[in-house]
Amino acid sequence: MRTALTREVSANLAQCELSHVERMPIDVEKARLQHGLYKEALAGMGCRIRSLPADGDYPDGVFVEDTAIVFDEVAVITRPGAVSRRPETSSVRDVLSRFRETVPIESPGTLDGGDVLSSGRTVLVGSSRRTNQSGIDQLRSILTGHGYDVRAVPIRQCLHLKSAVTSLRDGLLLVNREWLDSSCLRGFDILSVDPREPFGANALRIGDRLIYSDAYPETRARMESAGLSIVTVDLSELAKAEGAVTCCSIIIDEK
Ligand code: CIR
């Protein structure tokens, strides 16, 4: 059984942090409808949905991915790089502590879950404006004892590592090579995004299926040609807040 932890969309979503997109008006009701369909897609893939209430004080709370990273052995509670987002972690920790031992990233470390991509025993960590060296070092020391190889991957021109690369199936990554040095991805096969769709490298893998934005049809065609099973969702309002499919859930595989 899998649980998908989500958080409802804040009425203050329009006051979100933004780094690489222009601020545009956001229709919160539409964002909520789209988020509801995203949860239905997760449920359709067999996830039990556990959704935290929106907290109006935290505009970016819907992007729960950034607050914790769940491994089989431990849940790492992050210390987000954006100061405004640090209070989001406590309610997530309270839920995750029912599933796993929780271990926090501590000051001066910063780490956003959007910068962490696990594939088997390899953990790629974006070195970004949100995730610093201390955060990476703390994650490595938490995970090394559990047999993980933690590799830092510098990224450029994008928010998080998972803006630039996500996992499609074991050994295969979806990548925007403009935003990272793909030599850091040694050992993996790479499927590149269509150059007209630079934001298209974010896919959410649930077992052997994928949830993917309907905004990137050319890249989706490449994925389908590779034999991948894809369910598309419209997250256009959350994309205005710089969110994408992985950002809106934390997937917990029950042991
Ligand atoms: C932020 O800048 O923190 C939010 N507006 C967007 C976070 C997206 N999260 C993610 O990619 N993991």
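**Figure 1. Helix α1 lies across the strands β1, β2 and β15 in this predicted model.** Helix α1 comprises residues 28-44 and runs at about 150 degrees to β2. Helix α2, formed by residues 89-96, also packs on the sheet. The strands touched by α2 are β1, β2 and β15, and the direction of α2 makes about 160 degrees with that of β1.

**Figure 2. Strands β2, β1 and β15 form an open sheet, in that order.** The sheet contains three strands, and their pairing is mixed. β2 (47-52) and β15 stand at the edges with a single partner strand each, so one side of each has no neighbour in the sheet. From one strand to the next, the twist averages 25 degrees. In general, the strands of a sheet pair through backbone hydrogen bonds, in either a parallel or an antiparallel manner. Here β1 (residues 2-7) and β2 run parallel and are joined by six bridges. Within this pair, Leu5 has Arg50 of β2 as its bridge partner.

**Figure 3. Ser10 is a buried residue in the loop between β1 and α1.** The relative accessible area of Ser10 is 1%, and values under 20% count as buried. The side chain of Ser10 reaches the backbone nitrogen of Asn12 at 2.8 Å. Leaving aside residues up to four places away in sequence, Ser10 touches Val28, Arg32, Ala54, Asp55, Gly56, Tyr58 and Pro59.

**Figure 4. Glu242 is a buried residue without a salt bridge.** Glu242 is located in the loop between α6 (236-239) and β15 (250-253). Its relative accessibility is 16%, and Glu242 therefore counts as buried, the limit being under 20%. A salt bridge would require a side-chain nitrogen of Lys or Arg within 4 Å of a carboxyl oxygen of Asp or Glu. The side chain of Glu242 does, however, reach the backbone nitrogen of Ser19, at 2.6 Å. When residues up to four places away in sequence are not counted, Glu242 touches Glu17, Leu18, Ser19, His20, Val21 and Leu159. The backbone of Glu242 also has a positive phi, near 70 degrees, although the residue is not a glycine.

**Figure 5. Gln157 is an exposed residue with a positive phi.** The phi of Gln157 is about 65 degrees, and Gln157 is not a glycine. This residue is found in the loop between β8 (149-154) and α4 (161-164). Gln157 has a relative accessible area of 55%, and values over 50% count as exposed.

**Figure 6. Asn176 is a buried residue in the loop between β10 (172-175) and β11 (189-192).** The relative accessibility of Asn176 is 4%. The side chain of Asn176 reaches the backbone oxygen of Pro198 at 3.0 Å. Beyond residues up to four places away in sequence, Asn176 touches Ala164, Val193, Pro198 and Ala201. Asn176 and Phe199 are 23 residues apart in sequence, while their C-alpha atoms are 7.9 Å apart in space.

**Figure 7. A cis peptide bond joins Ser107 and Pro108.** The omega angle of this bond is about 10 degrees. Pro108 lies in the loop that connects β5 (102-104) with β6 (116-119).

How values were computed
Residues numbered from 1 in each chain as written. Predicted model: local features only at pLDDT ≥ 70, side-chain atom pairs only at ≥ 80, totals over all residues. Heavy atoms only, no water. Helix = DSSP H or I, 4+ residues; strand = E, 2+ residues; numbered from the N terminus. Buried < 20%, exposed > 50% of the residue type's maximum accessible area, 1.4 Å probe, protein only. Pairing = 2+ DSSP bridges. Axes fitted to C-alpha atoms, helices over the stretch in contact; angles between N-to-C directions. Contact = heavy atoms within 4.5 Å. Lys, Arg positive; Asp, Glu negative; His and termini not counted. Polar contact = N/O pair within 3.5 Å; in protein donor to acceptor, adjacent residues only side chain to side chain.
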